[in-house]
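Here is a short report on one predicted model. Look at the sequence and the structure first, then read on.

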There are 2 protein chains.
Amino acid sequence: MKVVKFGGSSLANAAQVSKVVSIIKSDQARRFVIVSAPGKRFDGDIKVTDLLIQYANATLKQQPTETITGQIIARYDEIATAFNLPASVIEGIKQTILSLPDQEYEDETYLMAAFKAHGEKMNAVLFAQVLQASGVRAKYLDPHDAGLVVTDSPNDAEIEPSSYQRIYAWADSSVVRVIPGFFGYNTQEQICTFSRGGSDITGAIIARGVHASRYENFTDVDAIYAANPQVVSHPIAIHNMTFREMRELAYAGFSVFHDEALIPAIQGDIQVVVKNTNHPSQRGTSIMSHKRVNPAYPVSGIASSPGFCGIYIRKYMLDKKSVSQKILKVLAEHDLSYEHMPSGIDDLTVIMRQDQLNADIEETLIRELVIALRPDEIHITHDYALLMVVGEGMANRTGIMSKATDALARQNVKLVMVNQGASEISMMFGIKQAHADVAVRALYDTFFPDL
Amino acid sequence: MKVVKFGGSSLANAAQVSKVVSIIKSDQARRFVIVSAPGKRFDGDIKVTDLLIQYANATLKQQPTETITGQIIARYDEIATAFNLPASVIEGIKQTILSLPDQEYEDETYLMAAFKAHGEKMNAVLFAQVLQASGVRAKYLDPHDAGLVVTDSPNDAEIEPSSYQRIYAWADSSVVRVIPGFFGYNTQEQICTFSRGGSDITGAIIARGVHASRYENFTDVDAIYAANPQVVSHPIAIHNMTFREMRELAYAGFSVFHDEALIPAIQGDIQVVVKNTNHPSQRGTSIMSHKRVNPAYPVSGIASSPGFCGIYIRKYMLDKKSVSQKILKVLAEHDLSYEHMPSGIDDLTVIMRQDQLNADIEETLIRELVIALRPDEIHITHDYALLMVVGEGMANRTGIMSKATDALARQNVKLVMVNQGASEISMMFGIKQAHADVAVRALYDTFFPDL
């Protein structure tokens, strides 16, 4: 049995929805369908989720909402009309959307969560009808009824593990169940959403819950590529990868599949397949736990992610344990997280995401570190990129680091940090952001030489 | 004005002591002489400090001590006789040594400290007489009278910063002052020693205290070499290096100059010169704070140090801040220190010195880390060596990492860790201990190609 998830672009208009119907009809094992909210139909279009955020904000500010609600309802109406659905379907959706401001919400954050969630919710209601009209026995299944209970964090919820047992009760469903992605309910039965793009997470949760053999994630790319196609022209597709490879690549910016969605898949050991709604016969990318035997290339993927900074601290005879503890304490007081902390003999660097900082926080942070550590030197450097080279085939092979650093040196890419040693399947380099694209291309050409 | 320190081998017998007298007479700026205890005269000989430790242990166990005290006194007598010193000198030393068990000690650790310190103390008393007999106006200066006050840690003391002011009062001394190395007195006037080899530390403290222009450290090697001469045959001498280069190399096993002795030198910005008592006209190695301009080689030295282990921890979606805090807490509870903690996306490795561990501690540590972290995977790997490539010339140059990793790959040295990013003047590699010598030779041949 398979769980299938369709992204926003796969459900953006009637033509796309037709493709999705075909995909479901072509394989009877596809029993659970998770849908996103309708996405962009063309460049410059607005996603329904973004319209709903506008709607929520206008409601909170008591501004007129007719134009926005009109746009939202039109998106569903376009599809309902194309599939000749009874007028009652779109009427129900319309009333639900229009009555959103009349519901009770504990505060603005719950209101925002509920408004946003209705993009997926209405799309699932509609798509269940579309499937019915297309001859598929299908029913809408609300996350509430599915038993999907989440933590009480309105716009950044996490699954409660007890949910899996309840979801399993639906495993033998005799009809196709259409479930909206992106949200669940807390124990007070209030809607809470996952982080943005969270339909992937719902799909993974349902797949784990019903013990699916496979979780198919349909989107608008043929596969996950070994490098960003906007940086490297026509990179090779990765047809097989492991969960941990995906995790490492996702960290450095591979955003095809939501990072957090990997966790339920890993926990349930569910094979994830990323496929293209527009080319469903393409192999796509399969992600699973087994180590690949004899991968064709030692490296699977190369990624870079901008937006890091490093706080360099030097202090003679530093006691690393006590210095680290003091640094962690200062970071914790400001609710700042760090990514890496490479250490030398008398110095260490705290690598952080710089979007956590601004000039004020930076000044405060440095001042408090000076007080806590009395360092001989401290300074912050901005605009680093982290460059990741990832591959199961790297484990236990010598020479990969040498190849990578040689390729970078030939392009005059200066290494401000090299971090290898925790994971055996990746190497991490800190470089200047401005060098990131050159670096990715140099590494791609090195590790995929004949392509 | 110069402070001069002579190591144990420079004062092991009358022939060596004669060389030291010549060195002092050859430069009137040498006003403060710090002496170690007599060292080995030949392979298999016993250092006086080790005899004193035997003496202390025998005293504590109430065993006979005549043979040991006889050996100790004979070492000083040999020198006193060669220099025709009056009988009263050796008689005074003899009485002091024999009466050591009759003094009062707070506990066994203070007894041990006091016994050990007398190797240096008697040698300084003797050497002041030797200088007098050789026509040099010289006087013994006890650390107590010099104002050298240390923390109350009998066998691992640290200097109290207030000492420097008191020591400065001696700066204008009209005679050469001979000071025993290795120990000071706590505020209760009890003898406490520095860590073993601590005469270097006394020398640096005196040099800082009297504002010396130079601290000459005489030992038995012509210079500090770019690699261990037992691993690389005839390595190049490093004639100029910076304090921070020395610190990094000392960390990885360059043991010519005591690591802790660098701190007072750095604080006082005192040039340190390592020279050979047997070839005093050789340039030796000068260590100072200035960055060298245009060093001949990008790399100054290559070192490796065995005896490290790594605890690998993998946990999906680990929150680094909280995981690190938990690890540091567990380490602190067992008074264990760590050296480095390279981190990947879902994993990190704690690199530690393995002499802190045994099977029991290891088991406890792993068990407590499992409880604290609930990791997906945890295991410990032993017998790593840390390999350091150090050089001021590395800063801001690309390609050094590439050269190094290429050299290691050609010798099939697998890199279990690469750590660069804290210090700009060093790269650190974790490798298997068994590969250490091959790795050092490969790097030496790469960075010093024409030698």
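## The annotated site

This model is predicted, not determined by experiment. The unreviewed UniProt entry carries a "binding site" annotation. That record lists Lys5(A), Phe6(A), Gly7(A), Gly8(A), Thr219(A), Asp220(A) and Tyr225(A).

## Lys5(A)

Lys5(A) belongs to strand β1 of chain A, residues 2-6. Is Lys5(A) buried or exposed? Its relative accessible area is 7%. The cut-off for buried is under 20%, so Lys5(A) counts as buried.

Beyond four places in sequence, Lys5(A) touches Ile34(A), Ser36(A), Ser199(A), Asp200(A), Tyr215(A), Glu216(A), Asn217(A) and Phe218(A). With Asp200(A), the contact is also polar: the side chains of Lys5(A) and Asp200(A) meet at 2.8 Å.

## Asp220(A)

Asp220(A) sits in a loop of chain A, between β7 (214-219) and β8 (224-225). Its relative accessible area is 43%. Exposed would need over 50% and buried under 20%, so Asp220(A) is partly exposed.

Which residues does Asp220(A) contact, leaving aside neighbours within four places in sequence? They are Ser9(A), Asn276(A) and Asn278(A). The side chains of Asp220(A) and Ser9(A) form a polar contact of 3.3 Å.

## Strands around β1(A)

β1(A), the strand that holds Lys5(A), runs parallel to β2(A), and five bridges join the two. In this pairing, Val4(A) faces Val33(A) of β2(A).

Strand β2 of chain A spans residues 30-35 and is mostly covered. Five of its six residues are buried. β2(A) also pairs with strand β4 (residues 176-180) of chain A. That pairing is parallel too, over four bridges. Here Phe32(A) stands opposite Arg177(A) of β4(A). As a general point, side chains in a regular strand alternate between the two faces of the sheet.

## Two chains

How is chain A laid on chain B? A turn of 179° does it, with a shift of 0.0 Å along the axis and an RMSD of 0.1 Å. The two copies are therefore related as by a two-fold rotation axis. Both copies use the same surface: 100% of the contact residues of chain A recur in chain B.

Note on methods:
Residues are numbered from 1 along each chain as its sequence is written. Chains are lettered from A and ligands numbered from 1 in the order in which they are written. This is a predicted model: local features need pLDDT of at least 70, side-chain atom pairs count only at pLDDT 80 or more; totals for chains, interfaces and linings use all residues. Side-chain values use heavy atoms; hydrogens and water are left out. UniProt positions are given in the numbering used here, feature names are shortened, and annotations may be inferred rather than shown by experiment. Buried means under 20% relative accessible area, exposed over 50%, partly exposed in between (1.4 Å probe, protein chains only). Contact means heavy atoms within 4.5 Å. A polar contact is a pair of N or O atoms within 3.5 Å; within protein, one must be able to donate a hydrogen and the other to accept it, and residues adjacent in sequence count only if both atoms are side-chain atoms. Copies are superposed by least squares on the C-alpha atoms of residues with pLDDT of at least 70 in both. Two strands pair if DSSP finds at least two bridges between them.
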